[in-house]
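The structure is shown first, and the description follows it.

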Amino acid sequence: MIYREAGQFRTSYKQDSAIFPILQDRIAIYFYLFIAFIVIPLFGSDFFINSMMIPFLVFALASIGLNILTGYTGQISLGTGAFMGVGAYSAYKLTTYFPEANIILLVMLSGFFAAAIGMVFGLPSLRIKGFYLVVTTLAAQFFLEWAFIRIPWLYNYNDSGAIEVPQREAFGIIVTGASATPTVRYLVVLSIVVFLTWIASNLIHGRIGRSWMMIRDMDIAAELIGVRPLYAKLSAFAVSSYIAGVAGALMVFFWLGAAEVESFDVNHSFLILFMVILGGLGSLVGSFLGAAFIWMLPIVIRAIPKMTGLDINASTVEQINFMIIGALIVFFLIIEPHGLARLWAIAKQKLRVWPFPY
Amino acid sequence: MELLYNIFADPFVQMATMPDFLLQVLWEGFVTGTLYALIALGYVLIFKASGVFNFAQGIMVVFAALSLVGFYQAGVPAWLALLLALGVMGLMAIGIERLVLRHMVNQNEIILFMATIGLSYFLIGSGELIFGGETKSMITEELGLPTGSTVLDVAGGIVILQHIDVAAAVIAGILVAALAFFFNKTRIGRALRAVADDHQAALSVGISLNQIWAVVWFAAGIVALATGIMWGARSDVSFALQIVALKALPVLILGGFTSIPGAIIGGLIIGMGEKLFEVYWGGLMGSGVEGWFAYVIALIFLMFRPQGLFGEKIIERV
């Protein structure tokens, strides 16, 4: 309807394996980036940027991390919250030791600590899978939660037991702390998210990503045709935890400003798993859609009674939110196991051939 | 050197010098273990019959306990409230079978597992909406359960036994015996085992899958109600129980997913091991180790015996 790709021929292997083979899709991507980088910072209100866009991006990044592990490699994990915590705490320790260093660099480095921890807890996945793996990731979750409380070195021995984000600069601009403007923080988060999404996309479409998907589809068969499960599974754990760790560091440094262990508890792990399921297992677009959906849903539910004049208190909203999310999870798993990403693809296809469906 | 002493010698010296305290700790662990075992039993029941790993078992425990207390607070006598709560669990079983499981036959087991996570979120939301989020106390006395405690003189000291704990252990034993009888001797029990072995073969000899699933979810609901009463009597009924119920997962790992005796023994090992470790070694690590000890034990155990103590050996084919 809106566009036709008639006349666009692929004349080389490079063109054939492009992620966006159609010109209009590439234009659409540039358009989204234009909106995200230029329009929203210029016209978005502080509230919109601070409590909608930044958390959305952070959770989208964490979902991408989990999606690599669960959606692409088929290893279900309930430890995402804790791996985010590892990223956050290591970024905090790094910036304590290197206060002059560029905070963006430190945030990117902190992911490597999460990756290392993730690989340690990913080791059992070589022998076990399915529900058994859920238990080992839960072990990671509860053990790390305990460590965040009981090892005071992690939060610099302060009395509150929380990590407070100090004021830090990058490229001469204040990017963290109370005096950083929402727009600056938003742009930093957006740049990192876009960069890591690009990296993740390339990994997934490359050799390593294909080995992940082979492991997911049938690990024994994959092993027989020459994929080494050790490398495939551990690399998936490493990449996934790296991304989750960076997301956790971003969450604390550029959104919350201070965090206690509650910010990384098992409920957050569930939340991110839900984003991945609703958005679509094994889809990067789905990670964004799922994060947007789950993050926006309570905001919308809160807004509806205000508009219609109904008087519903906050806890009821929360409970209804739980019910809707739970019901939607079941609904999506029954009707469309590939989630919102699949609906998006169907809608695009329908529009593409409209009004001639054949 | 002192650290080594604290790890390898001191706890055992303490155990030897104060045997009554050790017994008390073991008894506490035993009771906690019984409760873990009861929750794990609910998981095993459903897993055996339908291959679904029911994540919602924990919230079903909370739901059962809450509806019992809720009915009682609405003015219903205790015995009737018990029956009504059973009715709620039955309705829930039928509802889950109708609305969720029936549509998910032949799906990948991970998909089914995630569906039960969705289900548990739905139940959390609706439970809080109906019963309110605040903590409630269990109607222990009204149900005719014993309260109070007995002090025993053992090994030159005392051990305190709460009557409710004894009752919990006894009821758990009766429940397990009843379930074993049900599975092995009754017609429906045999059908259940047939379904667990092979869905298609069971269908072909005329067993109704839908009916069996409703029955097994109801059985899990009964176990959930018993667990809810016992747990509620020890501490109060609240949604925090749902996180504690996750502890049944390492219990299952130890015992194997398909074995009822495994669930019991796994529960006892985890319960007692956790208490011992917390009391004697926890201090070295800044306490609070109860939260993760069970999981780490399960993790280490998995490395060496992935199918659990009593589980069937996992054979995979391409």
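## A loop residue of chain B

B:Arg102 sits in the loop that links helix 5 (78-99) to helix 6 (109-131) of chain B. The model is a predicted one, and in it B:Arg102 counts as partly exposed because it has 14 C-beta neighbours inside 10 Å, where a residue would need 20 or more to be buried.

Leaving aside residues up to four places away in sequence, B:Arg102 touches B:Glu97 and B:Asn210. A further relation across the chain concerns B:Trp213, which is 111 residues from B:Arg102 along the chain, while the C-alpha atoms of the two are separated by 9.1 Å.

## Helices of chain B

B:Trp79 belongs to helix 5 of chain B. B:Trp79 has 11 C-beta neighbours inside 10 Å and therefore counts as exposed, the limit for that class being 12 or fewer. Between B:Trp79 and B:Gly173 there are 94 residues of separation along the chain, and their C-alpha atoms are separated by 22 Å.

Helix 7 of chain B covers residues 163-185, and its 23 residues reach 32 Å from the first C-alpha to the last, close to the 33 Å expected at 1.5 Å a residue. Its buried residues are B:Ile164, B:Asp165, B:Ala168 and B:Ala172. Helix 10 of chain B, residues 209-234, has 26 residues and a reach of 37 Å from first to last C-alpha, close to the expected 38 Å.

Chain B contains 14 helices and two strands, and of its 318 residues 44% are buried. Among contacts in chain B with a separation of 6 or more, 75% come from residues 24 or more positions apart.

How many residues of chain B are in contact with chain A? There are 39 of them, and they meet 37 residues of chain A. Helix 6, helix 12 (248-255) and helix 14 (290-304) of chain B each supply at least two residues of the side that touches chain A, and helix 6 gives the most to that side, with 16 residues. By class, the side of chain B that touches chain A is made up of 28 nonpolar, eight polar and three charged residues.

## Chain A as a whole

Chain A has 14 helices and four strands. Its radius of gyration is 21 Å, close to the 21 Å that the globule rule gives for 358 residues, so chain A is as compact as a globular protein of that length. The C-alpha trace of chain A spans about 65 × 60 × 45 Å along its principal axes. Of the 358 residues of chain A, 46% count as buried, and among its contacts between residues at least 6 apart in sequence, 74% join residues at least 24 apart.

A:Phe98 is placed in the loop between helix 4 (80-97) and helix 5 (103-122) of chain A. A:Phe98 counts as partly exposed because it has 13 C-beta neighbours inside 10 Å. From A:Phe9, which is 89 residues away in sequence, A:Phe98 is 52 Å apart in space, C-alpha to C-alpha.

## Helix packing in chain A

Two packed helices are described by the angle between their axes and the distance between the axes. For helix 11 (residues 266-279) and helix 14 (residues 339-353) of chain A, the axes come within 3 Å and cross at roughly 25°, and the two helices are therefore roughly parallel to each other, a term that applies to angles under 35 degrees. In this contact A:Ile277, A:Leu278 and A:Gly279 of helix 11 meet A:Gly339, A:Leu340 and A:Ala341 of helix 14. The residues of the contact divide into four nonpolar, two polar and no charged.

Helix 11 of chain A also meets helix 3 (residues 46-72) of chain A, and here the axes come within 9 Å and cross at roughly 75°, which makes the two helices roughly perpendicular. Helix 3 of chain A contributes A:Phe59, A:Ala62, A:Ser63, A:Leu66, A:Asn67, A:Thr70 and A:Gly71, and these meet A:Ile272, A:Leu273, A:Met275, A:Val276 and A:Gly279 of helix 11. By class, this contact of helix 3 with helix 11 has seven nonpolar, five polar and no charged residues.

Definitions and conventions: Residues are numbered from 1 along each chain as its sequence is written. Chains are lettered from A and ligands numbered from 1 in the order in which they are written. This is a predicted model: local features need pLDDT of at least 70, side-chain atom pairs count only at pLDDT 80 or more; totals for chains, interfaces and linings use all residues. The radius of gyration is taken over C-alpha atoms; the globule rule is 2.2 Å times the number of residues to the power 0.38. Two residues are in contact if their C-beta atoms, placed from the backbone, lie within 7 Å. Axes are lines fitted to C-alpha atoms, for helices over the stretch in contact, and angles run from 0 to 180 degrees between N-to-C directions. Angles under 35 degrees count as roughly parallel, over 145 as roughly antiparallel, 65 to 115 as roughly perpendicular and the rest as oblique. Ala, Val, Leu, Ile, Met, Phe, Trp, Tyr, Cys and Pro count as nonpolar, Asp, Glu, Lys and Arg as charged, and the others, Gly among them, as polar. The expected span of a helix is 1.5 Å times one less than its number of residues.
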